[in-house]
Amino acid sequence: MKKKITLFLFVVLSFVAFAKDATFAGDNYDIQLSYNDTSCPGDAVFVRLKFVQDSKKSEKNRLDSSSAVLELYLGEKRLDKADFYFLPKDSNKNVRTMLAGIPLSSWWQKDNNFRLKVTYRIASEQAMSFELPFSLTDKTFVSETIPLDQQNTNIKTDTSTKRMQQIEKLNALLATVDSTAVYQTEAFAPPTAATRRTSYFADRRVYTYTNGKSSTGMHNGIDYGVPEGSTVSSCAAGKVVMAEFRISTGWSVVVEHLPGLYSLYYHMSELKVKEGDIVQQGDLLGLSGSTGLATGPHLHWEMRLGSVPVSPDFFTSNFTFAN
């Protein structure tokens with residue numbers, strides 16, 4: 001459920017814990033806040049802060065030097081944190097908007113003991129904090145066993161230096177957070193018009209090898225059953241930060257959309273972009289195929305937030321509360 005809350009915070013307070021519909025008044029600015037107060041394991045929680053400065057009481061604009069941090073707790077244990085980043089400036093110079101998102105592991109379970117904490121500072125003023133209620137709902141994921149032929153067994157069990165370097169390179173890339181990389185805040189779109197899914201996000205998998213051994217893992221994205229050569233489009237505006245052949249994923253593209261938020265497209269037969277290209281939503285990235293570890297032609301679409309796999313379907317909603 002996505003819920004919008006408007007807050008008016010007294011600047012004399014250092015900590016405020018409030019219910020979902022609480023309201024506080026401020027001396028010279030207001031905060032309008034939107035966030036999803038419930039979500040599923042494998043999704044994310046995003047918080048949008050809109051600072052509105054009272055121009056009659058403020059001699060100068062201080063919002064540009066504001067900062068804020070979002071933290072997720074389960075009881076007293078902090079699970080994760082993310083810095084807020086600025087969205088493009090409003091036409092009103094007395095308004096600035098910030099956004100932050102935290103991924104929710106698909107391994108977590110339903111719990112009402114979660115909470116969010118927002119700590120912010122305007123210019124050099126005292127840091128302020130408040131809490132937001134948050135809970136996880138139930139979600140069941142598919143379990144499947146996938147027998148691999150000799151070629152795919154060789155790929156899955158490949159421990160070569162080249163493959164390890166490719167994995168390390170991708171992991172380092174996905175861990176990069178550029179606070180200025182704000183390309184699209186509207187809802188994303190699937191990268192294909194196809195609707196047939198052959199695998200789902202967070203499927204629990206057992207891979208069986210030709211030597212009788214096996215391994216377990218999680219499917220980090222969505223697989224679309226499309227014929228080889230089908231068009232693959234960017235799910236949103238962004239910057240191409242990887243476009244190359246990888247042993248595991250074949251011809252692959254990674255696009256940066258927001259700070260720490262990336263989309264990944266695997267197993268393509270041909271690429272139509274190169275690293276450094278700026279793309280818009282719907283732009284052609286390449287053609288689908290079956291390169292890398294694949295049991296047949298398909299498109300693998302994946303989303304990563306803070307390096308963590310997050311359900312791509314989550315981002316096809318108004319996850320940034322742009323409207």
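Phe46 and Phe314 are both buried, a term that stands for under 20% relative accessible area with a 1.4 Å probe and protein chains only. The model is a predicted one, in which local features need pLDDT of at least 70 and side-chain atom pairs count only at pLDDT 80 or more, while totals for chains, interfaces and linings use all residues. Residues are numbered from 1 along each chain as its sequence is written, and side-chain values use heavy atoms, with hydrogens and water left out.

A search of the whole structure finds 14 aromatic pairs, where rings of Phe, Tyr and Trp (its six-membered ring) pair if their centres lie within 6.5 Å, and planes under 30 degrees apart count as stacked. Because the ring centres of Phe46 and Phe314 are 6.2 Å apart and their planes stand at 25°, this pair is stacked. Phe46 belongs to strand β5 (residues 44-53) and Phe314 to the segment after β26 (308-310), so the pair ties together parts that are 268 residues apart in sequence; strands are DSSP runs of E with at least two residues, numbered from the N terminus. Both residues belong to one aromatic cluster, formed by Phe46, Phe188, Phe314, Phe315 and Phe319.

Charged groups also meet rings. The charged end of Arg115 sits over the ring of Tyr73, 4.3 Å from its centre, and Arg204 lies over the face of Trp107, at 3.8 Å from the ring centre; for this, CZ of Arg or NZ of Lys must be within 6 Å of the ring centre and within 35 degrees of the ring normal.

Key:
Rings of Phe, Tyr and Trp (its six-membered ring) pair if their centres lie within 6.5 Å; planes under 30 degrees apart count as stacked, over 60 as edge-to-face and the rest as tilted. Helices (H or I, at least four residues) and strands (E, at least two) are DSSP runs, numbered from the N terminus. Buried means under 20% relative accessible area, exposed over 50%, partly exposed in between (1.4 Å probe, protein chains only).
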